[in-house]
Structure formats: C-alpha cells, structure tokens
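Please keep the sequence and the model in view while reading.

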Amino acid sequence: QLIDLTDYPESMNGEYLADAWAEAYYQNPLIMGISDARIAKDGKSLLLFYEDDEATRESKKAQISAKVTEVVAEIIDDDMSLREREYAINDYLCATAAYDDAALENAALYNYESVDAKFNDSFTAYGVLINNVGVCSSYAAAFKLLADASGLECVVVTGTLDGTLAHAWNRVALENNQWATVDSTNNDTEIMVNALLNAPDYAIATTLVEDYSWIMDDVKANYSNSSDADEFYHVQGLFFDKDTVTARIIEQLNAGEIAVVRTDYMLTDLQFYDIAMELIEATGNENLGGGYWMGVIVVANDPSLLV
C-alpha cells in the first residue's frame, strides 16, 4: 500500500513519476485492482488504494497464473516461431473471449473514470482469462501474460481507438526486430478477422492512436514497425493490389458464399465503390453485400450472411 521513493530522487519530478508508475502498472498485469495511486504529502512515498482485499487479490492472481500455464501448454509448441506464437495467442483469445459491452456501457456512465464493482474484473486479465469476458484492457493484459509465458517480448499499449474511445492493445517483438501491433479486441470478429494483426504503423496510425502513458517517454519510439511481412493477410496470401483484388474476390465468391481479402490499407469510399461496381458488372449480381475497413474487404453473394 506504500512505496518508499526516498532512494529515487528523480521521482520528485511529478511528470517523471507518473510516467514510471504508469509503465509499471500497464506492463505488469498481475498488479490488480488498484483504484488510485497518490503521492504522499511528504513527496517521498506513493500511496496505493485497492478495490479488493489482499486475500482476494492473491486468489485472483493464483487463478490467472494457473490459467496462463494451462493455456500456454495447450497452444504453444517449442518449435513455433515468434510469429506463430503470437498468432496462436491471438487466435486463442478470439476463440474463447467475448467483449463485455455491458461493462463499457457502465464505464460510460462514469465518464470512463470508474465502474460498478461487478464489472471490475472485465478491466483486468481475470475477465478474459477466467470469466471469458472483458473489455480491451482485459484482452491486452491477458495477451501480455500469455506472451510472456510463451517466450515473447510483449508490451501493453494504451491510447484511443480512432482518436476517441480509450483503448488498449499490444506490441510484440518478432524475428525481423520489428515491434508488430496486435489488437485482439478488434481482431475478434466473425468475418473481417485480424485486420489489426501486424499491420505496419503507417497503416494503423489514425486507428490506434498511442498515448504516452504505457511506457517511459524516452523509449517509446523504439517500439515501432515499418514492415508488413508479418501482416496476417500477407502471410495468408490474401493481400492484393487494387488492380487485381476484384478478380480475387470473384474467385472466392465462385468457390463459396463469402470473400474476404485485403488491399491498400488506405482504401477510400470512392475506390471501394469502383470495386463494387466492377464486381456487380462481372458477376451480374446486383444484390451483393459487403463492406471494408482499413483495406480489408468482405463481400457476400447473399447480404444476409453478413448480418
């Protein structure tokens, strides 16, 4: 409940201390249930306030740790590459967790500064790993713990989604020395899957807007990715330029009812309209349904399949 700061004179700088505290908290998801942290009046101590008593916190930590060990044994093999481990963790979270819309709605009632006690777990790793339901911070914390246990270097990143809604996601160090972005919360969809699995920084810059809370400011620039070599649709052979993507969509529609591909990350409404008109002309089906996000295009012969 009290952290002595007397051996750290740099902590007298309030901005520096806030940065250090935020990194310690976000990058260690087993630090759970802290409702507030304040500097003592003497300026030499950090006071912590908890939502749960110590016995409850220790019980939850033990449950989480046991679950992490169980899951890693289930989904990770020693001969997996770093990218394969990352994909496996993302797939596991998308398959087993669901987003807690009720928790987010409750947080909105309090201007995202607090929630009713019954929703506390949905904002920690306990929610996604034990209850199988949580918000973005729960997904990100769970991913971090699973990644650490799988031999991956991983950080939790905080900021906003589309520059508006508070959000959390992860970065993972891969073989190419790039820190790839993975947002399991938004990858967890029925059809337009993994749009935010290792897309390069320039492609996600306006979608995932980082703040300066999650890591010390002087090293934040080290966690970057300029490559799309590990991006999901590239790896799956489903990334096509705008000149060939229409033909690829038609191939998929002929083979099944739904086509999902990716093209230019910066695809615009007008460009998507042109692709849609080409598809209608080529297939003769004026009832095609579809949409796009960040260059990921989904098209269905029957629009009801996308509802």
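Q: Where does N177 lie?
A: In this predicted model, N177 is a residue other than glycine with a positive phi, near 65°. Its relative accessibility is 70%, so N177 counts as exposed, a term for values over 50%, as against buried (under 20%) and partly exposed (in between), with a 1.4 Å probe and protein chains only. Helices are DSSP runs of H or I with at least four residues and strands are runs of E with at least two, numbered from the N terminus. In those terms, the place of N177 is the loop between β7 (165–173) and β8.

Q: Which pLDDT must side-chain atom pairs have in order to count?
A: Residues are numbered from 1 along each chain as its sequence is written, and side-chain values use heavy atoms, with hydrogens and water left out. As this is a predicted model, totals for chains, interfaces and linings use all residues, local features need pLDDT of at least 70, and side-chain atom pairs count only at pLDDT 80 or more.

Q: Is N132 buried, partly exposed or exposed?
A: N132 is not a glycine, yet its phi is positive, at about 60°. This residue sits in the loop between α5 and β5 (133–134). Because its relative accessibility is 32%, N132 counts as partly exposed.

Q: Which residues does S184 contact, leaving aside its neighbours within four places in sequence?
A: S184 belongs to helix α7, which covers residues 184–187. With a relative accessible area of 3%, S184 is buried. Contact here means heavy atoms within 4.5 Å. Once neighbours within four places in sequence are set aside, the partners of S184 are N90, L93, C94, Y139 and F143.

Q: Are α3 and α6 parallel, antiparallel, perpendicular or oblique to each other?
A: Axes are lines fitted to C-alpha atoms, for helices over the stretch in contact, and angles run from 0 to 180 degrees between N-to-C directions. The axes of α3 and α6 come within 10 Å and cross at roughly 140°. Angles under 35 degrees count as roughly parallel, over 145 as roughly antiparallel, 65 to 115 as roughly perpendicular and the rest as oblique. The two helices, α3 and α6, are therefore oblique.

Q: How many nonpolar residues does the contact of α3 with α6 have?
A: On the α3 side stand E86, I89, N90, Y92 and L93, and they meet Y139, A142, F143, L146 and A147 of α6. Ala, Val, Leu, Ile, Met, Phe, Trp, Tyr, Cys and Pro count as nonpolar, Asp, Glu, Lys and Arg as charged, and the others, Gly among them, as polar. By class, the contact has 1 charged and 1 polar residue, while the nonpolar ones number 8.

Q: Which residues of α3 make the contact with α2?
A: The axes of α2 and α3 cross at roughly 115° and come within 11 Å. From α2, the contact involves K67, V71 and I75; from α3, it involves A88, I89 and Y92.

Q: What separates the C-alpha atoms of A88 and T158?
A: A88 lies in helix α3 and is buried, with a relative accessible area of 14%. Not counting residues up to four places away in sequence, A88 touches I75, I76 and M80. T158 is 70 residues from A88 along the chain, and their C-alpha atoms are separated by 22 Å.
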